[in-house]
Amino acid sequence: MPAPDAAILERRDEIVAALRGIVSGEGVISEPNELKPYESDGLTAYRQPPLVVVLPQTTAQVSAVLRWCQANGVKVVPRGSGTSLSGGALPLADAVLLGLSKLTRILDIDYADRIAVVQPGVTNLAITRAVEGAGFFYGPDPSSQIACSIGGNVAENAGGVHCLKYGLTTNNVLGVELVMMDGEIIRLGGRQLDPAGLDLLGVIVGSEGLLGVVTEVTVRILPRPETARAVLVGFPSVESAGRCVADVIAQGIIPAGMEMMDRPAVHAAEAFAKVGYPLDVEALMIVELDGPSAECDHLIEEVERIARANEAVMVRVSRNDAERLAFWAGRKAAFPAVGRISPDYYCMDGTIPRRRLPDVLKRIADMSTSYGLRVVNVFHAGDGNLHPMILYDANQPGELERTEAFGNDILRLCVEVGGVLTGEHGVGVEKRDLMPVMFSATDLSHQQQVKCAFDPDLLLNPGKVFPTLHRCAELGRVHVHRGELPFPELPRF
Amino acid sequence: MHVLAPTTPDDLCAVISDAARSGMRLTISGGGSKSDIGKPCDVTRLDMRGFAGVIDYDPAELVLTVGAGTPLAEVESLLAERRQMLAFEPWDHGPLFGKLAGATTIGGVIAAGVAGPGRLAKGGARDHLLRFEAVSGRGERFVGGAKVVKNVTGYDVPKLMAGSWGRLAAMTQVTLKVLPSPRASATMVIEGLSSVQAHAAMTQAMGSHAEVSAAAHVPAALGAEERSMTALRIEGFEPSVAARCTLLLDVLRDHGGTLYKLAAMQAKSFWRSVREVAPLMDSATLWRICVPPSGGCAVVAALEPLGARWLFDWAGGLVWLAFDGEAEHIRRIAERAGGHAMLIRAPAATRAVVPAHHPPSFPVAALEARVRRAFDPQGIFETGRFLDPINAD
């Protein structure tokens with residue numbers, strides 16, 4: 001991270017006083033021991049107490065805080081529930097941490113237009129809870145849905161096990177109210193499907209809090225599927241499981257979810273959750289199908305047939321909802337289960353083309369041997385999103401560094417086979433320095449120009465996403481064409 | 001009109017860089033099917049049809065990469081061979097402007113955010129563009145996104161590119177998410193409903209377990225039929241489609257009107273005619289009004305008495321409106337209904353003064369202008385076509 005600005009640190013009292021002038025009472029937190037809960041997000045390897053925390057209760061307060069910070073050259077880090085797995089909400093020593101956790105109202109639910117309008121601090125699950133009585137649900141369901149906020153979901157373009165069928169956050173958000181760094185409040189999108197002009201909403205979703213602060217979100221809600229059933233399938237090899245995934249898709253079936261675990265993951269999950277997973281398989285797959293019962297019945301048969309054609313050694317179909325949830329319980333407990341078998345673990349999040357799965361797994365296994373670190377694999381197999389978990393012990397000198405090097409090699413491998421650094425966790429601080437593996441300097445400079453259009457002073461969530469953030473003036477003026485610098489005689493910063 | 005037709009990315013960089021140096025303006029063009037949208041402008045045309053052809057197609061990955069200049073018809077027939085499709089149902093604007101069908105390119109479709117009835121349930125062009133390669137107004141090659149369906153690495157620049165109308169960069173290559181074509185399809189129709197009744201029926205169907213994939217309403221005066229048609233499409237595997245048709249019949253029974261299942265051939269031509277706005281083909285002025293579904297009725301209630309003809313797609317969320325009335329009035333009505341109005345077809349004199357896009361609020365217009373400048377600092381792609389007051393383009 002960039003070195004903290006000493007001048008800002010010296011002005012701390014003045015900054016706290018100014019914020020108290022905007023947000024009264026407990027909405028400004030400045031006592032060092034009270035800052036502790038805010039010093040990291042879900043990526044706990046990185047910790048940094050913020051300069052001060054401010055928790056506004058209205059859009060007007062958010063606007064006033066940002067306007068003051070812009071006018072005074074103070075950086076701001078936005079934060080939802082702090083469940084980011086990539087350090088997107090990691091505080092900076094010289095930045096105000098702007099928490100949206102007090103904006104928790106559901107403003108409107110319109111079943112005729114099939115939308116809900118909510119404040120950013122509303123949790124993902126709370127949206128579904130609010131509409132399920134009327135037979136609706138909100139599609140994206142990240143594993144942290146009980147805690148993560150919709151504002152954070154928008155910032156990170158959150159996914160979930162059901163996004164294969166229902167899409168990511170970006171496919172389910174219709175509009176936002178956004179406060180710009182200069183305090184301007186704007187609306188992008190609305191309750192209709194298409195935007196009027198440029199799709200600025202499309203670039204806000206997944207911008208990791210670098211472009212603006214979302215203070216209201218309009219999401220699409222969908223009728224809850226009539227039924228959902230799951231099939232648990234065991235395979236003698238990862239290759240046969242990989243082929244089964246490809247064949248299911250090739251048959252035109254888009255399951256609600258299609259998850260895979262390798263042998264170590266199955267063993268860890270079963271030891272932890274005791275749900276009856278078979279221990280003698282190399283790969284275990286959960287395929288969930290939802291919709292009208294006629295559709296589920298038909299597709300279950302199809303999936304069963306495809307699985308058997310791909311050497312499945314065990315196929316179990318859920319007979320009721322309790323059983324379906326039991327199939328999932330082991331998978332959903334994969335993370336705590338791995339936490340039980342290793343002092344520490346590091347979860348990766350690359351995406352690869354599905355066809356490369358067996359090959360990539362084999363190469364991860366080779367790396368595991370050469371690094372001397374165990375790895376456990378769970379994936380959203382339907383969309384090729386891998387979550388290898390590297391097991392390590394932070395108390396052993398050098399293991400964390402070796403783990404990070406191993407993790408970086410996995411992500412480089414993902415890019416090498418045509419995939420990406422992150423499928424759903426975001427770049428944050430974690431993968432920032434790997435961005436050049438996937439993007440050229442020119443690609444990145446075009447993205448940074450977008451940043452400059454929204455936040456020309458680079459005050460919003462600096463240090464995230466981009467390996468080096470060039471000053472906007474620098475990016476704007478230097479136009480290199482075929483290596484010829486215009487005005488080569490001029491000195492540059 | 002002068003035409004430049006580069007065929008390699010390097011040539012394209014050179015053309016754009018030269019334009020930047022000389023202060024020339026360029027209008028990016030594919031098959032020209034939408035060139036009569038916006039103010040008529042006499043500027044150099046940058047013809048992108050040299051960037052054509054299939055680059056990578058692995059049906060099992062549900063991902064297709066093609067040159068941006070590839071004709072849409074070619075893309076569609078390639079996918080159809082593998083029983084796959086573009087689920088947003090893009091279409092060719094050519095015939096709407098009296099041009100031959102078949103010229104429209106996939107790049108043009110993406111740049112204009114074109115989508116058909118499938119937009120309602122499966123998302124629009126923006127939701128299917130995974131990656132692009134382009135040359136920006138800086139004369140630099142760059143990429144956005146990746147060739148996989150799930151990716152959050154960096155800003156989602158493909159979303160920005162879809163629907164940007166050639167004002168950010170010239171796309172040379174696009175990677176699209178494709179989906180299996182439905183194995184079976186059925187269309188249920190109720191005849192004789194008013195706009196309000198049709199909206200109620202569509203709303204109830206959309207909120208049911210029938211998983212409706214398209215919902216449209218064509219008023220009596222327009223269709224070949226003597227009575228209005230409210231149509232709901234169900235797609236999927238055979239047993240599921242049959243079960244959902246039964247369910248939908250129950251849902252729709254209480255809405256009055258004559259209820260029946262449309263024959264397959266008729267259904268196909270019905271949805272094609274809705275997609276291509278065929279019932280309003282003869283109108284001089286055509287608006288595309290995008291509103292929340294409940295807003296469609298409000299637009300109709302305000303403008304039909306003044307002589308507007310119309311049809312609903314997207315369960316009432318898209319109103320195609322044929323009406324020569326005052327543009328500002330139409331836009332006010334669209335805003336009041338919670339949406340916006342785009343001028344698609346009009347006499348040249350109208351297009352010379354009425355902006356095609358619904359004018360945004362001042363701060364949003366300023367932000368849009370800054371984002372355009374981010375990709376095109378010299379305004380090479382600002383041809384004046386979109387009558388943008390902020391840029392004085």
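Colleague: Starting with chain A: is the crossing of H2(A) past H4(A) left-handed or right-handed?

Modeller: Right-handed. A crossing counts as right-handed if the near helix is turned clockwise from the far one by less than a right angle, and left-handed if anticlockwise. This is a predicted model, where local features need pLDDT of at least 70 and side-chain atom pairs count only at pLDDT 80 or more, while totals for chains, interfaces and linings use all residues. Residues are numbered from 1 along each chain as its sequence is written, and chains are lettered from A and ligands numbered from 1 in the order in which they are written.

Colleague: Where are H2(A) and H4(A), and at what angle do they cross?

Modeller: H2(A) covers residues 12-22 and H4(A) residues 59-71; their axes come within 10 Å and cross at roughly 155°. That makes the two helices roughly antiparallel. The label is for angles over 145 degrees; under 35 is roughly parallel, 65 to 115 roughly perpendicular and the rest oblique. Axes are lines fitted to C-alpha atoms, for helices over the stretch in contact, with angles from 0 to 180 degrees between N-to-C directions. Helices (H or I, at least four residues) and strands (E, at least two) are DSSP runs, numbered from the N terminus.

Colleague: Which residues make that contact between H2(A) and H4(A)?

Modeller: From H2(A), Ala18, Leu19 and Ile22 of chain A; from H4(A), Gln61, Ala64, Val65 and Trp68 of chain A. "Contact" needs C-beta atoms, placed from the backbone, within 7 Å. By class that's six nonpolar, one polar and no charged. Ala, Val, Leu, Ile, Met, Phe, Trp, Tyr, Cys and Pro count as nonpolar, Asp, Glu, Lys and Arg as charged, and the others, Gly among them, as polar.

Colleague: And what does H2(A) lie across?

Modeller: Strands E1, E2 and E4 (95-99) of chain A, with H2(A) running at about 10° to E2(A).

Colleague: What order do the strands of that chain A sheet come in?

Modeller: E1-E2-E4-E3, four strands in an open sheet with mixed pairing. Strands E1 (28-29) and E3 (75-79) of chain A are at the edges, pairing on one side only. E1(A) runs antiparallel to E2(A), residues 52-54, and two bridges join them; in one of the bridges, A:Val28 has A:Val54 as its partner. For two strands to pair, DSSP has to find at least two bridges between them.

Colleague: Switching topic: what do H9(A) and H14(A) do?

Modeller: H9(A), residues 238-250, and H14(A), residues 357-371, have axes that come within 9 Å and cross at roughly 150°, so they're roughly antiparallel. The crossing is right-handed. Val238, Glu239 and Gly242 of chain A meet Leu357, Pro358 and Leu361 of chain A there, which splits into four nonpolar, one polar and one charged.

Colleague: How is chain A divided into domains?

Modeller: Domain 1 is 6-99, domain 2 is 107-223, domain 3 is 227-331 and domain 4 is 342-433. The bounds come from an automatic or database domain assignment. The C-alpha centres of domains 1 and 4 of chain A lie 32 Å apart, and eight residues of domain 1 touch nine of domain 4. On the domain 1 side, those are four nonpolar, four polar and no charged.

Colleague: What are the domains of chain B?

Modeller: Domain 1 (3-180), domain 2 (184-275) and domain 3 (278-351). In chain B, the centres of domains 1 and 2, taken over C-alpha atoms, are separated by 32 Å. Seven residues of domain 1 and eight of domain 2 make that contact.

Colleague: Which strands form the open sheet in chain B?

Modeller: Three of them, in the order E1-E3-E2, all parallel. E1 (3-4) and E2 (26-29) of chain B are at the edges with a single partner strand each, so one side of each has no neighbour in the sheet. E1(B) pairs with E3(B), residues 44-47, over two bridges: B:Val3 faces B:Arg45 and B:Leu4 faces B:Leu46. E2(B) pairs with E3(B) over four bridges, and B:Leu26 stands opposite B:Thr44.

Colleague: Last one: how many residues are in contact between chain B and chain A?

Modeller: 74 residues of chain B with 72 of chain A. H13(B), residues 362-375, is among the elements that supply at least two residues to the chain B side, and H13(B) gives the most, with eight. That side has 32 nonpolar, 24 polar and 18 charged residues.

Methods: Two residues are in contact if their C-beta atoms, placed from the backbone, lie within 7 Å.
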